[in-house]
Amino acid sequence: MENKTNYESFLERVDALSTGDRAALKRSAGVMLPEANGKAIAAFYRCITPAVPQWQEDRWFAASCIKCLWDPAEGAGEPVEKVLADLIRGAELSDSMQHRVEGLLDTQWDQDGYMLTKLCRMMKLIRQKTSEEIDFADLLEDLIYWNNENQSVQRKWARAIFSTNGI
């Protein structure tokens, strides 16, 4: 739970950024940290603490950029996997979205940014189809543990999205 608090504090600092800094991060959604422009990098480092291990910075950067696709909001939203499940079950998203999710679940987080590109496309589609707020602290945690050997994040998403019993 302590990590969740750190994630939430970081995301609150992202929300508190100037409109210009948030716009720079928003434009960098889907871009890996080493390829981002200077304004986005500066905005990101205004929010992150030195306690974040360097190997995680690209994931924190990705979460901050995705967060800026939404307006700053009060309170936490729903986990991404629940929002996706609701959209798929409600026929808001086509069957091809299920295939996209399956493809995402098969993809590792690597420095090439392939998984991030797929995730950002999905998040932009979610943003277009719903006004529901996302739990970005939960998303950040999922990104950090995405490459876990036991695939706990992928299994959590698959259970929420594809379970025939619903959530």
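So, C47: with a relative accessibility of 1%, this cysteine counts as buried, where buried means under 20% relative accessible area, exposed means over 50%, and partly exposed is in between, using a 1.4 Å probe and protein chains only. Before I go on, this is a predicted model, so local features need pLDDT of at least 70, side-chain atom pairs count only at pLDDT 80 or more, and totals for chains, interfaces and linings use all residues. Residues are numbered from 1 along each chain as its sequence is written, and side-chain values use heavy atoms, with hydrogens and water left out.

Now the core. A nonpolar core here is a set of buried Ala, Val, Leu, Ile, Met, Phe, Trp, Tyr and Cys residues joined through side-chain atoms within 4.5 Å. The largest one has 56 residues, and L25, M123 and W157 have the most contacts inside it. Helix α7, residues 114-129, gives the largest share, eight residues; helices are DSSP runs of H or I, at least four residues, numbered from the N terminus.

Take W157. Contact means heavy atoms within 4.5 Å, and leaving aside neighbours within four places in sequence, W157 touches residues including V80, L84, L119 and W146.

Helix α8 (residues 136-144) and helix α9 (residues 152-162) pack at about 135 degrees, axes 8 Å apart. Those axes are lines fitted to C-alpha atoms, for helices over the stretch in contact, with angles from 0 to 180 degrees between N-to-C directions. The pair is therefore oblique; under 35 degrees would count as roughly parallel, over 145 as roughly antiparallel, 65 to 115 as roughly perpendicular, and the rest as oblique. D138, L139 and D142 of α8 meet V153, K156 and W157 of α9.

Last pair: helix α3 (residues 38-47) and helix α4 (residues 57-67) pack at about 100 degrees, with axes 11 Å apart. That makes them roughly perpendicular. From α3 we have A40, F44 and Y45, against E57, W60, F61 and S64 in α4. And is α4 covered or uncovered? Mostly covered: 11 of its 11 residues are buried.

How values were computed: Helices (H or I, at least four residues) and strands (E, at least two) are DSSP runs, numbered from the N terminus.
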